[in-house]
Amino acid sequence: MGENGHNKSIELPPSITVRELADSIQASPIEVIKTLMANGVMANINQQIDFDTAAIVAAEMGYDATLESQEAVGEEEIGEIPLWRRVIADENPEDLVYRPPIVTILGHVDHGKTTLLDAIRHTNVVEDEAGGITQHIGAYQVEHNNRLITFLDTPGHAAFTAMRARGAQGADIVVLVVAADDGVMPQTREAIAHAKAAQIPLIVALNKIDKPNADPERVNQQLAEIGLIPDEWDGDTIVVPISAKHRQGLDDLLEAILLVADNSNIRANPKGRVIGTVIEAEKDRSRGVMATLLIQNGTLNVGNIIVAGTAHGRLKAMFDHMGHQVIDAEPSAPVAVMGLNDVPVAGDLFQVVDSDKIAREITSERKNQKKSDAESQKSAVTLEQLFDKFQAGEVPELRLIIKADVQGSLEPIKSSLADLDTGDISVNILHAETGNIGKNDVMLAAASKAIVIGFNVEADSAAQRLADTESVSIRLYTIIYRLIEDIEKALKGMLEPETKETVIGHAEVRAIFKISKVGKVAGCYVLDGELRRNARVRVMRDGEEQFIGDMGSLKHIQDDVTEVRTGFECGLTVKGFNDFAEGDIVESFIVEEVPL
């Protein structure tokens, strides 16, 4: 309570993690978790809770919570605002100064992400004549027009995989690499989804324009179809033609990055609270734990005591991306540091604290929380009371167990699923971790009437057998947006069965007849299988789909028939389609339901 006996006011977003709520109401995460448990909500420190739940916790801690205005949140806000952005938002606007933009490069495999980063590095980074310690620290800075740009130099290796979604969230600008000869691919769409989820401006680097089969106009069309209208088509997306291999167009790309940066108000307070992100970390035999930190606000100094995830320590030494020893690092600078007692996880936030005692308290609390999370997950199978409300029909919800290949994949999946609450039915993620799907996952799903979702993982044979026995659904995905799309469909129909398409025959259109009151009738010859009157049909022309719908009529000679088999002729109409051409292929297929 405040001094006058009234609660303090606080604005909260529509969804917030337990850790961020604790920071917002100046309480320890443990206190928040205990309050949630007292109110019947089981949540770990990184789990998202909705505004109503957060408001109850805030009230018990002496705060009156109100929902952030749409102007503050943004009408198209997807996912949460990273904590470091909130720290900057809390700074005095007069203390904020321009800082170099932080750029992450995303795109489909083999489209040239690594080649582009290497080309920029070698073209713009001046090698040290004295031969400084050349080391890869996961990020580097280049200079263009007397201004710095920071690149996260991590595509393809393990740390980048673990940080993929967070890389977009930790950056100010995404450069999407699209090969001019290959076009938009599934991973391209995923990269766009990451950028959109983080509300980050996106620049397209149209790579491999030197190749003879490059087709920039086709790629522009593909980009436009998925909502990225190129600037040369009067759209908002800057598309820069480049050849990373031949180092063409790199200056244009750097110019575009600075242009977007100028329009994005990228600022920080060098004298403010020190906060940033762990880019990568490892244990070095000779130097101990080495971690690369990206400063996003404040100035980091040798001698500072920092906390990064469950690691902490006093910084003994810092090195810039060229291997030179430095004593301080300002916003947007990447530095390799020595002095942590443990290896932090890529994507962890770090911050400077006042003393070793505070650092130990914070990390001890986080370790205890991790331990209790693990124990609660182990015992969840036997805690039937957790599912009583659902079984009684009081809380309709879709329960999920999520397994993914890397930690970084879990973040966009969990945050996207948190946004799918329909009001009537909610998503409850019972368990989310990395690794293949095993028997324990299936047992938990069977006990809790949940669905097991796998992303870029497999289900081992024992798990698959148990799933069959226990009627547990295992759904495997390799593309995040497909996963989210399916869960959204399941929510709308609360586990409506999915459908499977089976092609049963093909026929070729060999003649077209116009009949009054009927329209065009296609005279066809059945090439294989059979055409059925009650099946669905797809009209194909030169390999491209022209129409998909239901058959209107099916005749053999003058008789109405239910099916026509291979080698026979027939006449047919398709409901809603009247534009047959000779040579069209009519594909007949049935749609079968497959229970989730």
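1. Start with the terms: helices (H or I, at least four residues) and strands (E, at least two) are DSSP runs, numbered from the N terminus. Asn 456 sits in the loop between strand S25 (451–455) and helix H15 (461–470).

2. A word on the model. It is predicted, so local features need pLDDT of at least 70, side-chain atom pairs count only at pLDDT 80 or more, and totals for chains, interfaces and linings use all residues. Residues are numbered from 1 along each chain as its sequence is written, and side-chain values use heavy atoms, with hydrogens and water left out.

3. Back to the backbone. Most residues other than glycine have a negative phi. Asn 456 is not a glycine, yet its phi is positive, about 60°. Asn 456 is also partly exposed, with a relative accessible area of 39%. Here buried means under 20% relative accessible area, exposed over 50%, and partly exposed in between (1.4 Å probe, protein chains only).

4. Asp 542 is another residue to check. Its phi is positive too, near 55°, and Asp 542 is not a glycine. Asp 542 lies in the loop between strand S29 (536–541) and strand S30 (544–556). Asp 542 is exposed, with a relative accessible area of 79%.

5. Now Gly 303. Its loop runs between strand S15 (300–301) and strand S16 (305–308). Gly 303 is partly exposed, at 28% relative accessible area.

6. What does Gly 303 touch, not counting residues up to four places away in sequence? The partners are Arg 314 and Leu 315. Contact means heavy atoms within 4.5 Å. Asp 328 is 25 residues from Gly 303 along the chain, and their C-alpha atoms are separated by 9.7 Å.
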